[in-house]
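Subject: Handing over the structure

Hi there,

Here is the structure I promised to pass on to you. Please open it next to this message, and my notes on it follow below.

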Amino acid sequence: MKVLHTIASLGAKSGGTSTATFDLLSALNRLDLPDSDAIDLLASGVQDENKDLSLASGCDWYREVPYDYKTPYLYSRNIGKFLQEHTYEVYHTNGMWLHVNHITCATARKLGRPYVITPHGMLYPEALKRSAWKKWPLRKLFFDKDIREASCIHATCKAEMRHIRALGYKGPIAIIGNPVVCPPIAETLLKQRIYPNLPTNEITIGFLGRLHPIKAIEKIIQAIALRPNIHIQLRIIGSGDSDYESFLHFEAKRLGIKERVHFLGFISGDEKFRQLARLDALFVPSDMENFGMIIPEALLVGTPVMASLGTPWESLNTERCGWWVDNSPESIAKVIDEISQSSSEQLREMGLRGRDLVLSRFESSKVAASMYRLYKWLNGEAPKPEFVYDGN
């Protein structure tokens with residue numbers, strides 16, 4: 001069985017969709033596959049003169065074509081040429097709204113082969129509203145048909161499945177979380193970390209991610225202002241919308257807590273995990289978040305997480321490793337109260353439960369094994385997996 005994944009770019013600077021796709025392909029190709037199986041990834045090279053290198057450079061499963069994107073739709077003759085010259089049993093495209101996504105679906109239909117779409121959150125109502133004037137004609141021309149006739153759509157959570165159903169898709173949906181890679185440093189940091197001797201010590205909480213209004217970071221700042229008698233330091237880690245970052249600075253100053261709010265800028269790699277391990281809790285108050293890779297990454301180093309109801313992380317409550325709550329400043333302030341009243345042992349136990357949750361459900365090899373089972377089913381070689389839901 002030969003499977004082809006496609007994505008517009010696998011550049012190291014391309015963001016979460018590229019990272020999740022690379023992690024999945026890496027894990028799939030670490031499985032003990034039969035010699036007759038091949039799982040490849042097709043993408044364009046990068047244009048960046050500063051060498052934004054592909055995440056998959058040097059991987060024998062990576063099929064890169066020269067960069068030739070034209071128009072905002074990223075039309076590529078090179079992508080089309082590759083698809084004409086190479087055939088696979090199963091096709092799987094990552095993302096929406098770009099030529100590579102549509103041509104993958106169209107190629108599979110032409111060959112009579114099954115295809116999978118992973119929207120990566122791009123079919124959420126909030127996502128569809130952004131630049132709707134561009135997406136509407138693309139839907140009518142290409143993507144409504146691509147979605148409607150997909151052999152299966154891959155969602156990372158039940159919330160995403162509900163939004164896909166709301167668009168009218170009646171076919172199979174596979175719910176498989178994003179793969180989480182546990183780097184060696186995460187285990188080291190977990191062993192080294194020291195939890196605060198609360199309620200007497202200062203609390204350090206944080207946000208890590210792209211700075212954008214949809215992340216609702218100001219609600220953390222407003223919650224801190226509601227608790228003037230609790231010693232709280234907020235570390236905001238990330239970069240993005242400069243106007244929004246200026247607003248956050250203004251909000252901290254307006255509420256009289258600017259000395260307690262620290263902006264650390266963009267951090268990645270091992271240092272990202274070090275920063276997560278220095279927090280007593282990570283706060284993810286986003287209005288909407290599809291999977292939120294930063295949540296399992298924080299849990300891996302034993303840091304409890306507060307995530308909003310706009311994220312698919314109810315398991316923070318059910319597994320007692322964090323808080324899945326409304327993202328109002330008042331609700332966030334109540335979480336701060338709970339942290340300040342917890343003992344170091346209680347926080348440590350929450351962190352350990354969170355790590356166990358991630359390793360048991362989202363560790364990359366487990367996710368890859370589920371995805372491989374999906375391909376075997378689509379290719380008529382195995383029964384339907386239990387994580388595939390029909391639209392009946």
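A word on terms before we start: a residue is called buried when its relative accessible area is under 20%, exposed when that area is over 50%, and partly exposed in between, using a 1.4 Å probe and protein chains only. Helices (H or I, at least four residues) and strands (E, at least two) are DSSP runs, numbered from the N terminus.

Please keep in mind that this is a predicted model: local features need pLDDT of at least 70, side-chain atom pairs count only at pLDDT 80 or more, and totals for chains, interfaces and linings use all residues. Residues are numbered from 1 along each chain as its sequence is written, and side-chain values use heavy atoms, with hydrogens and water left out.

**Helix H2**

Let's begin with helix H2, which spans residues 77-85 and in which Ile79, Gly80, Phe82 and Leu83 are buried. They sit on the same side of H2, because they cover an arc of only 160 degrees around the axis (the arc is that of the directions from the helix axis to the C-beta atoms). An α-helix has 3.6 residues a turn, so residues three or four places apart point the same way. Arg77, Gln84 and Glu85, on the other side of H2, are exposed.

What do the buried residues of H2 pack against? Their partners are strands S1 (2-9), S2 (38-44), S3 (62-65) and S4 (90-94), together with helix H3 (99-111). Contact here means heavy atoms within 4.5 Å.

**Two buried residues**

Arg193 lies in the loop between helix H7 (184-192) and strand S8 (203-208). With a relative accessible area of 11%, Arg193 is buried. Leaving aside residues up to four places away in sequence, Arg193 touches Leu276, Ala277, Leu279, Val301, Gly302 and Thr303. A polar atom of the Arg193 side chain is 2.8 Å from the backbone oxygen of Leu279, and one lies 3.4 Å from the backbone oxygen of Gly302.

Ser315 belongs to helix H12 (residues 315-318) and is buried, with a relative accessible area of 11%. Not counting residues up to four places away in sequence, Ser315 touches Arg320, Cys321, Leu357 and Arg361.

**A cavity**

On a 1 Å grid over the protein atoms alone, a cavity is a set of points where a 1.4 Å probe fits but cannot get out, and lining residues have an atom within 4 Å of a point. Grid points are joined across faces, edges and corners, and a volume is the space filled by probe spheres set on the points. Searching the whole structure gives 1 cavity of 30 Å³ or more. The largest cavity has a volume of about 50 Å³, and its lining includes His5, His92, His120 and His154. Helix H1 (16-28) gives the largest share of that lining, 3 residues.

Enjoy exploring the model!

Terms used:
A polar contact is a pair of N or O atoms within 3.5 Å; within protein, one must be able to donate a hydrogen and the other to accept it, and residues adjacent in sequence count only if both atoms are side-chain atoms. On a 1 Å grid over the protein atoms alone, a cavity is a set of points where a 1.4 Å probe fits but cannot get out, and a pocket is an open set with protein on both sides within 12 Å along at least five of seven lines; lining residues have an atom within 4 Å of a point.
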